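Q: I have a new chain open in the viewer and I'd like to learn how to read its features. Can you walk me through?

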Amino acid sequence: MDLTVWRTFVTVCRLGSLSAAAAELNHTQSAVSRQIAGLERQLGLSLLERHARGVRPTPAGEVFRRHALATLNEADRAVRAARDARDGAFSRPLAVGAAPSLASGIVPEAIRGLLKQVGAIRWSLVPGLSAQLHERVIAGDIDIAVVTDAPPGLPQDQRLERRFLGLDDMVVVLPVGHPLAGTGPVDIQALADQAWVEDNDGSAALLRQHAARAGVSVRIDLSAADLPGKLALVATGHAIALIPGVLTCALRTDVTTVRLVDPPTRGIYTITPRRDPHRCAQTLHDRLAAAFAPL
């Protein structure tokens, strides 16, 4: 069987969409559909089922996905090992994943320190939500990811090593000129009547949980597609928002922050594969741990 088709199937399962997989793989959607149909004919099994938002693997498809992923990982390792042996030197690029708030400041700074320490290496930075990065480390696409345990949390997986970096206090971001700018820390009760904007379910859950502990509720009136969109809505006075504290060093100049009393927190971790770790992954972890120590 052609491993290209296996890779297509694994990508479709990861993204839950034929069209999204086609875009990532630079194929047409019809080509992806034909590959999946051909694989199902070869196996004599139905591997995918459609639902309202896309596709998901059938029970047989999920079993096949796990074994296909392991096979693809081993194949990728074989190719890397052969190329390293040919070149007579370590040439494998370092792929670093990071949650959006971490990719905006602390991770690039740690990578700069890594390059000063080990010299020039090829590397890439892949922003993404923690659950997505978790899957991509398992898939072998990413060598080390910096993730958070914000809701829905991090799954346990024996194939990965997870190491704690530190706790991050969430803060409230306000437009410059807001009445509470320059004050703090403030109780969430003082902000309960404000309009809020959120860009992901994890941050929204932290906000609602914090408000509920204080005996109030908050109105999340607006949603944003991503962190820059969320900050744009705050800067233009449409709402306020909960953001990670590590992001404050990289904020735009037309917003400000205020700390909360007894703020919600999230844990920050690195995750790396237990098998075939990148030689620079440990050094980057150490750089990140040093950056989090004063926080």
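Q: Thanks. To begin, what percentage of the 295 residues in the chain are buried?

A: Buried means under 20% relative accessible area, exposed means over 50%, and partly exposed is in between (1.4 Å probe, protein chains only). Here buried residues make up 45% of the chain's 295 residues. Keep in mind that this is a predicted model, where local features need pLDDT of at least 70, side-chain atom pairs count only at pLDDT 80 or more, and totals for chains, interfaces and linings use all residues. Residues are numbered from 1 along each chain as its sequence is written, and side-chain values use heavy atoms, with hydrogens and water left out.

Q: What is the mean pLDDT of the chain, and where is confidence lowest?

A: pLDDT is the predictor's confidence in each residue, from 0 to 100. Where it is low, the predicted coordinates should not be read in detail. The chain averages 90, and 96% of its residues reach 70 or more. Confidence is lowest in α4, with a mean of 82, and highest in strand β5 (residues 144–148), at 96.

Q: How many helices and strands does the chain have?

A: Helices (H or I, at least four residues) and strands (E, at least two) are DSSP runs, numbered from the N terminus. This chain has 10 helices and 11 strands. Its C-alpha trace spans about 65 × 50 × 30 Å along the principal axes. As for contacts (heavy atoms within 4.5 Å), take those in the chain with a separation of 6 or more: 72% of them are between residues 24 or more positions apart.

Q: At what angle do α1 and α2 pack?

A: Two packed helices are described by the angle between their axes and the distance between the axes. Axes are lines fitted to C-alpha atoms, for helices over the stretch in contact, and angles run from 0 to 180 degrees between N-to-C directions. Under 35 degrees counts as roughly parallel, over 145 as roughly antiparallel, 65 to 115 as roughly perpendicular, and the rest as oblique. Helix α1 (residues 3–15) packs on α2 at about 125 degrees, with the axes 8 Å apart. So α1 is oblique to α2. On the α1 side the contact uses T8, T11, V12, R14 and L15, and on the α2 side L18, A20, A21, E24 and L25.

Q: And at roughly what angle do α2 and α3 cross?

A: The axes of helix α2 (residues 18–25) and helix α3 (residues 29–43) cross at roughly 105 degrees and come within 8 Å. These two are therefore roughly perpendicular to each other. L18, S19 and A22 of α2 meet Q29, V32, S33 and I36 of α3.

Q: Now two loop residues: are T58 and R53 buried or exposed?

A: T58 sits in the loop between β2 (54–57) and α4 (59–87), and counts as buried because its relative accessibility is 10%. Leaving aside neighbours within four places in sequence, T58 is in contact with S46, L47, L48 and E49. R53 lies in the loop between β1 (48–51) and β2, and counts as exposed because its relative accessibility is 80%. R53 and G16 are 37 residues apart in sequence and 8.0 Å apart in space, C-alpha to C-alpha.
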